[in-house]
Amino acid sequence: MSSSRQRMALRMATRGVAAALRLPDRVIRAIVGAPVQVGGALLSPTAQLLITLERAVPRAAPNVVPDLVAVRRDFDIASSVLLAGVGRDVQVHDTVVAGARGPIPARVYSPPGASGPLPLLVFFHGGGFVLGSLTSHDGICRFLSRHGGVRVVAVEYALAPEHPYPAGVEDAYSAFQHVVSNAERFGGAGEVVGVGGDSAGGALSAVVAQRCVDEAVPKPAFNLMLYPAVDGLSEHRSRQLFGSGFFLNSEVVDWYRSCYTADLTRLLEPYASPLRAPDFRGLPPTCVVTGGFDLFRDEGTEYAERLKDAGVEVVHLHRDGLVHGFASFLACDRHARQAMFAAAAELSRMAAVAREPSS
């Protein structure tokens, strides 16, 4: 399939997915048939429908489409508004922050009616370190700002394969340090600056926190990790259980990994795979959100357990029925939206605690 036909097919499919996911659960169940159950977890009707529709989209293998990176980046942008939605009452403005090699684009989101200082959340988008942008994750950031009561500073870090590891890590760390040093400029409340991200962005938020501790500089006040991909060489059981047929598959993950670094031994480094860090002590309070049918489920769960064992305050929010990337379906998947309301409530709580004078 040509790249232009691939783009057209993906856009048409996105429109159909958005409409179908809004159907009542009972109607969706009649369409998709018997529930899918794995290890005691029941796949949500909307997730099952999403998987069914996704399988119907003609799609070439990663090594077949010459400009696959461009095709998939284009799809990210085209699908974001339809699937994640736009919170139009959220205040938004574009800016720049300091990256490792110069200024990088950023976007600031403020809750409706906000005027005074608020806790800040520096947010790193997902996309396997290859895809994703300020546009693709605009709906997620609007949601977290509105319902988490924080100002979100979304950062567009360097992506592979043009900029392989550790370029994105260096940008993320530099951006966080810049925001902390200029919190007032971004509408922050003192130095209450947290980090967060989804999937690969969740890994970046973990790495930023770990590096701050390693270098004995001000660390994030809190961390929100949505279905994080924290082990580049994972052999966790969920990788086998959900590596095929559950929206994100192992073939695509392997492609992301090959784009991220040509030397896979570098994925043993803690700043590439934060689950492999030797010491979790001193990391900030963290909320880890996982989905029951996500191939990254077990590494996210283990990350939360490692935090707990190290004496770090951690809340693990797990949703049995959801697949990887569910935050990107906010506008049309009621089950994903419920999970994100819980995540936003925990974000609000962590930010409030961090803002207390005694914290």
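Mentor: One definition before we start: Ala, Val, Leu, Ile, Met, Phe, Trp, Tyr, Cys and Pro count as nonpolar, Asp, Glu, Lys and Arg as charged, and the others, Gly among them, as polar. Keep in mind, too, that this is a predicted model. Now, the cavity. Around it you'll find Tyr109, Phe123, His125, Ser133, Leu134, His137, Cys141, Ala154 and Val155. Sort that lining by class and you get six nonpolar residues, three polar and no charged.

Cys141 is one of the lining residues, so let's follow helix α5, which covers residues 138–148. The axes of α5 and α11 (residues 334–355) come within 8 Å and cross at roughly 55 degrees, which makes α5 oblique to α11. That crossing is right-handed. On the α5 side, Ile140, Phe143, Leu144, His147 and Gly148 do the touching, and they meet Arg337, Met340, Phe341, Ala344, Leu347 and Ser348 of α11. By class, this contact has seven nonpolar, three polar and one charged residues.

For another pair, look at α6 (residues 167–181) and α7 (residues 200–214): they pack at about 65 degrees with their axes 9 Å apart. Their crossing is right-handed. Here α6 brings Gly168, Val169, Glu170, Ala172, Tyr173, Phe176 and Gln177, while α7 brings Leu204, Val207, Val208, Arg211 and Cys212. That contact has eight nonpolar, two polar and two charged residues.

Methods: Residues numbered from 1 in each chain as written. Predicted model: local features only at pLDDT ≥ 70, side-chain atom pairs only at ≥ 80, totals over all residues. Heavy atoms only, no water. 1 Å grid on protein atoms, 1.4 Å probe; cavity = no way out; pocket = protein on both sides within 12 Å on 5 of 7 lines; lining within 4 Å. Axes fitted to C-alpha atoms, helices over the stretch in contact; angles between N-to-C directions. Helix = DSSP H or I, 4+ residues; strand = E, 2+ residues; numbered from the N terminus. Parallel < 35°, antiparallel > 145°, perpendicular 65-115°, else oblique. Left-handed = near helix turned anticlockwise from the far one by under 90°. Contact = heavy atoms within 4.5 Å.
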